[in-house]
Amino acid sequence: MTYSIRVRAKSNPEEWRTITVSDDGTNVECDCAGFDGAICSHIDAVLIAGERAMVWPGDEAMADRAAPLVCKWFQLPDYWRGSWRREFDWRGISREQRRKRVYKRKSNKPLVCFTGKFTDYDRDEMKADARTHGWDVVDSPSAHLDVLVAADPMGPSAKLKKARANAIPIITVEEWGR
């Protein structure tokens, strides 16, 4: 079975792009102009990060089935920066949800949280490294969090759900790069 997932274009909400995933998840393509043969915002958002607001109504279940297949083998290219995360309207994040993130911090330091079972990384070392590099570390995400570093960004954990609900960027430990 080949999976075809329709995704709203970032530049025009009336246009739709199609992500095609082979039945084993090893071949992924998008028909958008930004697809470079390896990655595009549609693939990253829908299949890697688990965003669903921009998916055609009715294609969410197909995206849910295809994403784990892709995540088994897919590695984000080193050059990829995932700028789609700033596209709040495209992601279906309301102005009200964005306003929740505006507040006065007690500290000027950015805020990070780690979640999941990191097999190749020690969580305490990552926390210490984050603090060394000027970050505050918390154990639970809130609307004030700057980034959530997840062992499995596609996971169903409460921390991931809370981060998605508050429009908090979710990245892998490799993207964290510490």
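Let me start at a helix end. Aspartate 122 caps the N-terminal end of helix 5, with a side-chain oxygen 3.2 Å from the backbone nitrogen of aspartate 124. That is a polar contact: a pair of N or O atoms within 3.5 Å, where within protein one must be able to donate a hydrogen and the other to accept it, and residues adjacent in sequence count only if both atoms are side-chain atoms. Helices (H or I, at least four residues) and strands (E, at least two) are DSSP runs, numbered from the N terminus.

Ground rules next. This is a predicted model: local features need pLDDT of at least 70, side-chain atom pairs count only at pLDDT 80 or more, and totals for chains, interfaces and linings use all residues. Residues are numbered from 1 along each chain as its sequence is written, and side-chain values use heavy atoms, with hydrogens and water left out.

Stay with helix 5, residues 123–132. Which of its residues are buried? Met126, Lys127 and Ala130 are. Buried means under 20% relative accessible area, exposed over 50%, partly exposed in between (1.4 Å probe, protein chains only). The three cover an arc of only 100 degrees around the axis, which puts them on the same side of helix 5. The arc is that of the directions from the helix axis to the C-beta atoms. In general, an α-helix has 3.6 residues a turn, so residues three or four places apart point the same way. The face turned away from the buried side carries exposed Asp124, Glu125 and Thr132. The cover over the buried residues includes strand 4 (111–115), strand 5 (136–138) and helix 7 (173–176). After helix 5 comes glycine 134, with a positive phi, near 90 degrees.

Now the sheet under this helix. Four strands form an open sheet, order 5-4-6-7, with parallel pairing. Pairing takes at least two DSSP bridges between two strands. Strand 5 and strand 7 (170–172) stand at the edges with a single partner strand each, so one side of each is left without a neighbour in the sheet. The twist averages 35 degrees from one strand to the next. Axes are lines fitted to C-alpha atoms, for helices over the stretch in contact, and angles run from 0 to 180 degrees between N-to-C directions. Strand 4 and strand 6 (147–150) pair over 4 bridges. Cysteine 113 stands opposite leucine 148 in strand 6. Helix 5 packs on this sheet, touching strand 4 and strand 5, at about 170 degrees to strand 4. Contact means heavy atoms within 4.5 Å.

Three strands, order 1-2-3, antiparallel and open. Strand 1 (3–8) and strand 3 (28–30) are the edges. Strand 2 (16–21) pairs with strand 3 over 3 bridges. Threonine 20 has glutamate 29 as its bridge partner there. Helix 1 (41–48) packs on the sheet, touching strand 1, strand 2 and strand 3, at about 65 degrees to strand 2. Helix 2 (60–71) also lies across strand 1, strand 2 and strand 3, at about 110 degrees to strand 1.

Last, the cysteines. How many disulfides does the whole structure hold? The search finds 0, taking a disulfide as a pair of cysteine sulfur atoms within 2.5 Å. For cysteine 40, the nearest cysteine sulfur is that of cysteine 30, 3.7 Å away. Cysteine 32 is buried at 13%, and cysteine 40 is buried at 1%.
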